[in-house]
Amino acid sequence: MTNQELIDALRAADAVQFGEFELSHGGTSEYYVDKYLFETDPDCLEVVAEAFAERVDEDDKLAGVALGAVPLAAATSVAAGAPYVIARKQRKEYGTANLIEGRLEEGEEVVVLEDIVTTGTSLVDAIEALREAGATVNRALVVVDREEGGRENVEDADVEMEALVTASELLADRE
């Protein structure tokens, strides 16, 4: 799978938008990658899942960061034949009150999937929750790295981050 195929799929899903956007961390941007548009578009979701599946083994356990990366983890799980868990941002107030949903064994190695990384805060929080639950986390795969410090924050958590596409690549031919 080439970067251009991923970029084309993101654009075909109308997920790359231009204007003035407020980001979750409080900053603003002239572009926005709408994860809900690319994750709910079956063609784009399939392209992303196949790209992730090329980078994992069926022996890997996957983890999707709630909410955005759950469809990515589910689709990649099917494409790669690898099981997954869901890393919540906060504990439920009812039921099992788990931060990690699904089967996770102590010491199990987990590859974390995330949609878009800006500062990396959500991804690092998920990594910490998974580690607290007993997982070993050394790798994270993300769809888009906005190249705004997220990679460095994830690497500071001793996790190698691989992005399918960077902002520079996504915006390279913008006029």
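Leaving out residues up to four places away in sequence, R146 is in contact (heavy atoms within 4.5 Å) with L23, S29, Y31, Y32, I116, V117, T118 and A167. The structure is a predicted model, in which local features need pLDDT of at least 70 and side-chain atom pairs count only at pLDDT 80 or more, while totals for chains, interfaces and linings use all residues. Residues are numbered from 1 along each chain as its sequence is written, and side-chain values use heavy atoms, with hydrogens and water left out.

The side chain of R146 also forms a polar contact with the side chain of S29, at 2.7 Å. A polar contact is a pair of N or O atoms within 3.5 Å; within protein, one must be able to donate a hydrogen and the other to accept it, and residues adjacent in sequence count only if both atoms are side-chain atoms. R146 is located in the loop between strand 7 (136-145) and helix 6 (150-156); helices (H or I, at least four residues) and strands (E, at least two) are DSSP runs, numbered from the N terminus. With a relative accessible area of 4%, R146 is buried, a term that means under 20% relative accessible area with a 1.4 Å probe and protein chains only.

In an unreviewed UniProt entry, T118 and R146 are listed under "binding site"; such annotations may be inferred rather than shown by experiment. The two positions are spread over 29 residues of sequence, yet they cluster in space, with a largest C-alpha distance of 5.2 Å. Both T118 and R146 belong to the lining of the largest pocket. A pocket is an open set of points on a 1 Å grid over the protein atoms alone, where a 1.4 Å probe fits, with protein on both sides within 12 Å along at least five of seven lines; lining residues have an atom within 4 Å of a point.

T118 occupies the loop between strand 6 (109-117) and helix 5 (121-132) and is buried, at 15% relative accessible area. Apart from neighbours within four places in sequence, T118 contacts L23, H25, R146, E148, G149 and G150.

In helix 1 (residues 3-12) lies I7, which is buried at 3% relative accessibility. I7 touches V165, E169 and L170, not counting residues up to four places away in sequence. The C-alpha atoms of I7 and L170 are 6.1 Å apart, although 163 residues separate them along the chain.

Technical notes. Buried means under 20% relative accessible area, exposed over 50%, partly exposed in between (1.4 Å probe, protein chains only).
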